[in-house]
Amino acid sequence: MSALSIVHVLSSFGMGGQERVALDLATLQRLAGHRVLAVSLSSSPTGLAEAFAAAGVLTETVAKRGPSVDPSLPVRLAALISKHSANVVHTHNPHALIYGAPAAALSGAAAVHTKHGLNPDGSRRVWLRRTASRWVDAYVAVTPALAKVALANEECAPGRMHVIPNGIDVVRFAPNVEARHKIRAELGIPEDAWVVGTVGRLAPEKNQGLLIDAMAPMLDKRRHLVIVGEGPERDALLARIAATYRPEFVHLTGARDNVEELLAAFDVFALTSRSEGLPLVLLEAMAARLPVVSTAVGGIPDVVEHGLTGFLVADGDCAALTKQLIRLSTRPRDARDVAGTAQSAVLARHSKHHMTRDYDALYARVARRGRASAAALVGAGSG
């Protein structure tokens, strides 16, 4: 594919899953010789802008004004897109779609949108998303389940729907014995202990409290729980940990930037979210050859096949989660077999190179339509 000018539009430069996907895409696209710009619609500064810059990706901020809809934002964003002579504008999640898709059409660029999660919204926001999607050349869902949700909600015309799974750096998350020893020593966990771990923002939708409750009857000096992350639920989780009467066997680490090392210290990865798209950390745990236990929500069942590449429990089912964890702790061979199958599946289908290749092919198709096609989309959107 010939070199393109690509603009990624993000709600912010915060370190979330969609931003990490955009960073990986932009980094590999830059290495392939494309001109790449990442744009934040929030003025809040974060460290991810530095990560883009370190990869040779330009960054800009075109901040939304006020708490309600900002009609000036598509125009201001279009001016920046035109300045960079963009061929493709790639928006990530609803906020970026609402403003970025019309801006792409105004500037004569093709538009690609990625739906990273379920994105439950009120009727007004859903209407805005449906309207903005009329200017999208290609609409991408990261799992088949999310594609079905988008089509059922009329977020996208069926002919423009594509499924491209998220990808990760599979080399970075390979098993690491040295890191396992290091992290266990740091946390004061015995080498022969059995450790269940999770990674994620401490927020209601992540529901780490369910994991604490499920692990409570199992906790002792040989069975530990590690929770990695930070967020508004921290105090509530600390209170819940104290109520187990075995708090010394639960380790709340706070936010960490060495997730690959922490995963290496786990024996099982657990995810208890109430809502998810395709969480990168789940793929990372599978790449680290960990058996995973997860609630069967969002796009997770598209990746975790119960009994083959992991284990699923119903959302909120504490008893089932405890039962599954006990089974894994007493059947290490079964755990190893499932973890090996999961790792092979991630290596085959979920590397960041596979993801970038699929997006590059999609970009090439939509970019061929050129400015004339984008102008036609403007006409369609205004009719």
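In helix H6, which spans residues 144–152 of this predicted model, the residues Leu146, Ala147 and Ala150 are buried. These three lie on the same side of H6, because they cover an arc of only 105 degrees around the axis. Exposed residues, namely Lys148 and Ala152, are carried on the face of H6 turned away from its buried side. The cover over the buried residues of H6 includes strand S5 (110–115), strand S6 (138–141) and strand S7 (161–163). Just after H6, Glu154 adopts a positive phi of about 60 degrees.

Strand S11 (residues 268–271) is covered on both faces. Val268 and Ala270 are buried on one side, and Phe269 and Leu271 are buried on the other. The pairing of S11 is summarised below.

| Strand paired with S11 | Sense | Bridges | Bridge partners |
|---|---|---|---|
| S8 (residues 194–199) | parallel | two | Val196 and Val268 |
| S12 (residues 292–295) | parallel | three | Phe269 and Val292 |

S11 and S12 also belong, together with helix H11 (residues 280–287), to a right-handed β-α-β unit.

The cysteines remain to be described. The structure holds zero disulfides. Cys156 has a relative accessibility of 10% and therefore counts as buried, the limit for that class being under 20%. Cys318, at 25% relative accessibility, counts as partly exposed.

Key. Residues are numbered from 1 along each chain as its sequence is written. This is a predicted model: local features need pLDDT of at least 70, side-chain atom pairs count only at pLDDT 80 or more; totals for chains, interfaces and linings use all residues. Side-chain values use heavy atoms; hydrogens and water are left out. Buried means under 20% relative accessible area, exposed over 50%, partly exposed in between (1.4 Å probe, protein chains only). Helices (H or I, at least four residues) and strands (E, at least two) are DSSP runs, numbered from the N terminus. The arc is that of the directions from the helix axis to the C-beta atoms. Contact means heavy atoms within 4.5 Å. A disulfide is a pair of cysteine sulfur atoms within 2.5 Å. Two strands pair if DSSP finds at least two bridges between them. A crossover is right-handed if, with the strands pointing away from the viewer, the path from the first strand over the helix to the second runs clockwise.
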